[in-house]
Structure formats: structure tokens, C-alpha cells
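This briefing covers selected helix packing, a chain contact and an annotated residue. The sequence and structure come first.

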Amino acid sequence: MNNKLYGNLIFELSHSGRRAYSLPENQFGHHTLPDFCKREKDAELPECDEMTVVRHYTNHSENNFGVDNGFYPLGSCTMKYNPVINEEVASMASFTDLHPHQPIETVQGALEVEYNIQRALASITGMADVTLNPYAGAHGELTGLMLIASYHQQRGDKKRTKVIVPDSAHGTNPASAAVCGLEIVEVKSTSDGLVDVNDLRPLLGDDIAGMMMTNPNTLGLFEKDIPEIAKLIHECGGLLYYDGANLNPLLGAARPGDMGFDVIHLNLHKTFSTPHGGGGPGAGPVGVCEKLIPFLPKPHVSKTKDGFVIEDSENTEEFSTANIRISGYLGNFLVILRAYTYILTLGKKHIKEVGPFATLSANYIKECLKDDYELPIDTLCKHEFVFDGLKDKSTGVTTMDVAKRLLDYGYHAPTIYFPLLFHEAMMIEPTETESKDTIDGFIEVMHIIAKEARENPELVKGAPYNTPIGRVDDVLAAKHPILTYRQLINDTEESV
Amino acid sequence: MAKVIEGLYYSESHEFVKVVGNIGYIGITDYAQHALGNVVYVDMPDVDDDIEIDDDFGAIESVKAASDLKAPVSGKVIEVNENLEDEPGLLNKDAYENWIIKVELSDTAELKNLMDAKAYEEFCAE
């Protein structure tokens, strides 16, 4: 059996009556369930022996690719190394065995972790306070926008229903605004890839709740007009929201709070090295400026002279502006604990090196590859940059083909066809945790692929060849997704 | 090079209008289908819907992205191209032949704001 080509479903390995367990003889007699509790037919679960089950899942896991396997330059996702010490701390029984309803005096250590990371994140971002409750980045966005909406409503300013979002924004921005019941107004980018302040001005008015910005933006460029944008947004009565998706290059170099942002969400699973991308749940803390502190979601940890306490609202039934509740407890605690470990491991001194090294790695790759790949905006980037496909367009080799060919060489593909500002976008983010050797290896392979595209384009168009499955039919997959085993069986029977 | 056809009206968001009397056939241009890549789904309005110039009247989903369809003119939808429901890929085969909706134009003066073939060709070349 070739493990790499392993392609069975557990259902296909099932044999009726096979068991991976044996129970001791029943000594207690039979107690039958009442009829209404009984299944009408068998559950149709797979029936396998233990060895088969172990091999099945082990073989599948070997088809996985993560940052522990190799280079993962997935733009905008910050696939940095997740230090093992994070996992060690997060698996300590003193943390894993806690229950959120334990008496508060028995969880002081856990609350101290939450309180300390609230302070650490506030200090790193320049905000006044932080909630740890949101479970992911987009959840953080929604929380941040709810805070903004509550702030305006509480002042009796009910006209503010619009949120300005740049055309280069992540799709989650307009989606979060829509979920929050706000209307989206798009602001265009200049040819340099930055928010166009001249396009912004006429959009401003007393109906603007706020503006969402990602900085560095989706092209990896630092938004140089933030002071002016912050002034304009504040003058029209709106609040400025910082999407922290790309915070990594700013770590230790600049703080959103100092730039005039009022609300920020962070992706602990990106910037603060907790697993993501199928590797674990996320966490999307939200930081706020002083005047928004009363609107922070409950529960919230604070420190008193008698220890750490959980502030909660009395009446959770009724929605009021000072009573935003977006999760039952204090966020994804074990993820937060990993991020806290990361922050303490680096310390104040070394966390300042994250941003500069992430920026250096990205610029190095960009400069080394811009002869072979089209660089639409040739300027200093931050943590990532965007190519518009191969420079030589005559070969017909697309960004998709290059991405597939990279898999053959053992690399994860970059983010492709995003942002939508270019037709053949290829977004590369190396992060600070890759060595120069690894980065040089990637650069070399990208040159090889460009050469292959010139000399043997059909080879690249047919890639990948060295993966468990070859080129998939993405049109068929989008039009006719097979999502369950039963559907697969039905389809197979129909086609026979 | 993307195909541009004489006699049609073109918008900056790459929709075309083919006018026959007071009826407009609206679709996406060859340039648009090429940029989108393989189309997998076309979201169309209902017959009798009124569409307003510059408003979204549907969306196109391709393997790369989902894009809104922006109305180049106003009018009442009198027919939608049902072939696209089963075979959205027809847009990739011939974008001009496979119009998306047929509308009764409410104001032919709106056509003045659209580009002709020559202007659109130059617009795409930019």
C-alpha cells in the first residue's frame, strides 16, 4: 500500500460485525429502553478493527501539510511557526481541568493570565482596554462594529448607519458590517494601492458610523495617510476601526492606538502564534480607546485589591448598549494562554524584532523575484506583497498553474486571486520565523517554475504530479460538491 | 486580446447592452469572462423585477471570485437566460451570444453614458 496515495474512506473499510473492542460479560441483566428512545434503523456507522482505524487516520494525517511540514507563504494568513512551548503550557492540567463555573477563588491563576494578556495586548496596540471574548477574527470584527453602533445609539445619534470599507479590504469587513445591520460604502484605492483620500472626502457625513481599515493593507502597503483619514473620520463624528489581520509587521514598531484608531481586533492565531488554518480554533480579542470602555462585552476580567474578579452584567436577557454579549465565557481560554506564552517568551525586547524581520523577509523575496513575476506596485512592502502573475504573459501559464506547480516542489501555495485588484494576484507572506536558507530555497523554486513556464508551459499547466491527487476539476467541485458519503454512493449508483 | 463587438454599449464594470428597439439584452463582456475565469454560477433577477441603473441586479461566481452585476441601464426584466442556470460556463464560451437578462428600457437616454466599442477597447487596454 502506498501511503501517499492512500484514498479510502473509513466507510469503505467497514465490514459488518467487525469490532475494535470487546465488552465484559453483562452481569447486570437486561434493561430495555422505552420504545420512543430506540432507533428505528441501524446507525450505519463504519465497523472496523482497531489496527485498520489507526492506520486509516495515520495515513490521512500524513497527507496533511502544515507549517511544521514546510514553508507556508499564504498571504494575509501569517503562517508563522507555533512554538512548542505554547502547546506545553496549554496542555498543563492546572489549566485544562478548569471549569468556567468554578468558584472564583479557585481560578485566580487563570484570571491572572486573562488580565495580564488584556494589559499586554492593550500596551502592544496602544489601546485603553481589551476584551478577550470573541472566538475568531471575524467575530472580533462583529464585536468591534457592535461597539461602534452601541456608542452612537447610546448618544442618541441614530442616523449613523454606514460603514466605509476600502475596495482592497478582506471580504470579512463588508460581511461583518452587514451582519451588524450597517450599510457598506466602498472607498477606492489610488494607483499606488492606498486609500484614496480624495475619494473618501465626499462620502463623509452625519450618517457615517465609522470606517474600517486594514494596515498594512491587503497589498502589504503601509497606509501613509492614516493621520489625515483619522482626522476626517473623527471630524464627521465617526469612529476608526483597525482590522488587525496584518498587525504582524507593526509589532514593536508602531501602535494603532497612537495613529488615532478607536477600535481594533487582533488575530491571536496570526500575529501571536497560535495554530490556525485547520490546526486549531482562533481568538479575536478587541481593543478599544478610553471612551468605548463602558461598551466592552461582558464578562470581563478586572483586578481589585482582593484579587481578580469577573465583571458581568446583572440582566443578560435584555439588550442594552452597555450589555453586549458575544460569547458565554471569557473567550477561547487555551488559545489565549498560548498567545500569552508567546508574548512572555519573546518579552518586550524581542517582540520588537518580529515586525522588522517579517518585513525584511517579504521585501527580500519580492526583490529577488520581480524579474520573473509582475510586480504591479513596485515599492517597499511590509509583511507581504502581491504579484500579478508571471511577467511573461505569452506562455498562457496562470497564477493557478504556478500555485499548483509549487505543491510539486513541496511548498504550500501562496494566496491566489486575492485581492481582486489584479487579475492574476499572488500574495506572498513569508513571516519572520523562516530562515534565509528556507527563503532562498523558495526563491530558487519560483525561478525554476518561471523557467518551466517559458520552456515547457504544458508541464506547469498540468501540475501537480507529486501530490496524493493530481489537478482537481475546480469547476466541477464548485458546481457539484460531494459533501457526504451517502451522496457519493448515490452519485456512483446513478452513473452506473 | 478580448473580443469587442461593434454596435453594443459598454459599461466601466464590463457589462454590455445590445439594443433592439426598446429592448436591451444585458450581459458581461468577453474581457469580463476572461478575467473571471471559469464561471460556476449566475445569480439572476426574476422576470418583472425593476432594475435601476448602477444598482446590483445579480452576481457571477467563478472559480476565482464572486462579482456583482451592475445594471448599465434601468428597466423592467422581461426575460432571464435560463440556459445559464444549468450551464453557467456558456458565458466563457461566448459572452456576447449568451446574454444574461432581457429588459424593457425605461430611459434610452441612459445609453448616452455608456461607451461604444472603440472607447471600451481603449478602456480595457489601459
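Is the crossing of α11(A) and α13(A) left-handed or right-handed? The crossing of these two helices is right-handed. The model discussed here is predicted.

**α11(A) with α13(A)**

- Helix α13 of chain A spans residues 436-455, and its axis comes within 10 Å of the axis of α11(A).
- The two axes cross at roughly 25 degrees.
- Angles under 35 degrees count as roughly parallel, so α11(A) and α13(A) are roughly parallel to each other.
- On the α11(A) side the contact involves A:Ser361, A:Tyr364, A:Ile365, A:Cys368 and A:Leu369; these meet A:Ile439, A:Ile443 and A:Met446 of α13(A).
- By residue class, this contact has 7 nonpolar residues, 1 polar and no charged.

**α4(A) with α11(A)**

- Helix α4 (residues 108-125) and helix α11 (residues 333-369), both of chain A, pack with their axes 10 Å apart, at an angle of about 60 degrees.
- That angle makes α4(A) oblique to α11(A).
- The crossing of α4(A) past α11(A) is left-handed.
- From α4(A), A:Ala110, A:Val113, A:Glu114, A:Asn116, A:Ile117 and A:Ala120 take part; their counterparts in α11(A) are A:Phe333, A:Ile336, A:Leu337, A:Ala339, A:Tyr340 and A:Ile343.
- The contact of α4(A) with α11(A) comprises 10 nonpolar residues, 1 polar and 1 charged.

**Chain A with chain B**

- Contact between the chains involves 7 residues of chain A and 7 residues of chain B.

**B:Lys64**

- In chain B, the loop between β6 (56-62) and β7 (66-70) holds B:Lys64.
- B:Lys64 has 23 C-beta neighbours inside 10 Å; a residue is buried if 20 or more other C-beta atoms lie within that distance, and B:Lys64 therefore counts as buried.
- Leaving aside residues up to four places away in sequence, B:Lys64 touches A:Tyr417 in chain A, and B:Leu36 and B:Gly37 in chain B.

Key: Residues numbered from 1 in each chain as written. Chains lettered and ligands numbered in written order. Predicted model: local features only at pLDDT ≥ 70, side-chain atom pairs only at ≥ 80, totals over all residues. Contact = placed C-beta atoms within 7 Å. Helix = DSSP H or I, 4+ residues; strand = E, 2+ residues; numbered from the N terminus. Buried ≥ 20, exposed ≤ 12 C-beta atoms within 10 Å, placed from the backbone. Axes fitted to C-alpha atoms, helices over the stretch in contact; angles between N-to-C directions. Parallel < 35°, antiparallel > 145°, perpendicular 65-115°, else oblique. Left-handed = near helix turned anticlockwise from the far one by under 90°. Nonpolar A, V, L, I, M, F, W, Y, C, P; charged D, E, K, R; others polar.
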